[in-house]
Amino acid sequence: MRQDPGGYIPALRFHSLTRHYDALLAIALKEEKFKSLLVKQANLQPGDRVLDVGCGTGTLAVLLKKSVPKAHIVGLDADRAALEIARKKAQEAEVEIEFHEALAWDAPFEPKSFERVVSSLVLHHLRDRDKLRTLQKVRAWLRPDGELHIADWGKAQNALMRMAFVSVQLLDGFQTTTENVRRGLVPVLRDAGFHSVRETHREMTLFGTLSLYQAHGGDGNGS
Ligand SMILES: C[S@@+](CC[C@H](N)C(=O)[O-])C[C@H]1O[C@@H](n2cnc3c(N)ncnc32)[C@H](O)[C@@H]1O
């Protein structure tokens, strides 16, 4: 499917729909539940530097900051309009979050500069080679003992979930979503060099199987 001229697929495929993203996610997906699970799994400590790749409208970044106010949270997204909503959300929540506008594989972070990287509902927006180069960058940005925590569409648990996921594929395109549902993200994370990769949680939703993943393997080598 055609990507945005900026080289990425916006939250709901069309820029005009970005302002409706939060309302849709709150109603259609159990957003608070799975994002809270992801925050818990990431197990942040005071002083940690944490990167949210594809932070979108900032809901997860705000939850992370509220969970551990002494962690330093950085949100990265290619979409300026989504980042504007995120900045407003952080301001309203009275939390300080650093936001960057850049493509995921092109952001100017130093190697070994994060204890944690998190990402929610982003990898299914990336073509296979972009998944790989983004995850390789993430490995470089993580400290050697750093961890990656992901929530995204996973391998379908059953035929019903496989059918439900067609709705996401029609919206976001088959090119970027097929790997999520065909193999799940465990092999994709391993291909990028992560180890101790696990699918930690999966649940059925109206749009297919939503999975949480955990991976280790920051190498700080850059790429
Ligand atoms: C479905 S939204 C998820 C937003 C947020 N993480 C959440 O869970 O609500 C996907 C986000 O990924 C961003 N995105 C997609 N491709 C990207 C890329 N190549 N680089 C940076 N951001 C990207 C989009 O702009 C969008 O905000």
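This is a predicted model: local features need pLDDT of at least 70, side-chain atom pairs count only at pLDDT 80 or more; totals for chains, interfaces and linings use all residues.
**The ligand and its shell**

Begin by selecting the ligand together with the residues that surround it, of which there are 21, the closest being Lys35, Gly54, Asp77, Ala104 and Ser120. If you colour this shell by residue class, you will find 14 nonpolar residues, four polar ones and three charged ones.

Next, show the side chain of Tyr21, where an N or O atom lies 2.8 Å from an oxygen atom of the ligand. Then turn to Gly54, one of the closest residues in the shell, where a backbone N or O atom, rather than one from a side chain, is 2.6 Å from a nitrogen atom of the ligand. Asp77 is also listed among the closest residues, and an N or O atom in the side chain of Asp77 is found 2.6 Å from an oxygen atom of the ligand.

**The largest pocket**

Now hide the ligand and look at the space it takes, which is the largest pocket. This pocket has a volume of about 670 Å³, and its lining is made up of 41 residues, with Ala11, Tyr21, Leu121, His124 and His125 lying nearest the centre. To see which elements give two or more residues to that lining, select α1 (21-28), β1 (49-53), α3 (59-67), β2 (72-77) and α6 (159-172). Coloured by class, the lining of the largest pocket shows 27 nonpolar, nine polar and five charged residues.

**The cavity**

Rolling a probe the size of a water molecule over the atoms shows where empty space is left. How many cavities of 30 Å³ or more does a search of the whole structure find? The search finds one, and the space in this largest cavity is about 50 Å³. To display its lining, select Val53, Val117, Ser119, Leu123, Thr134, Leu135, Val138, Leu148 and Ile150. At least two of the lining residues come from each of β4 (114-120), α5 (128-141) and β5 (142-153), and α5 gives the largest share, with three residues.

Definitions and conventions:
Residues are numbered from 1 along each chain as its sequence is written. Side-chain values use heavy atoms; hydrogens and water are left out. A residue is near a molecule or strand if one of its heavy atoms lies within 4 Å of it. A polar contact is a pair of N or O atoms within 3.5 Å; within protein, one must be able to donate a hydrogen and the other to accept it, and residues adjacent in sequence count only if both atoms are side-chain atoms. On a 1 Å grid over the protein atoms alone, a cavity is a set of points where a 1.4 Å probe fits but cannot get out, and a pocket is an open set with protein on both sides within 12 Å along at least five of seven lines; lining residues have an atom within 4 Å of a point. A molecule sits in a cavity or pocket if more than half of its atoms lie within 2 Å of its grid points. Ala, Val, Leu, Ile, Met, Phe, Trp, Tyr, Cys and Pro count as nonpolar, Asp, Glu, Lys and Arg as charged, and the others, Gly among them, as polar. Grid points are joined across faces, edges and corners, and a volume is the space filled by probe spheres set on the points. Helices (H or I, at least four residues) and strands (E, at least two) are DSSP runs, numbered from the N terminus.
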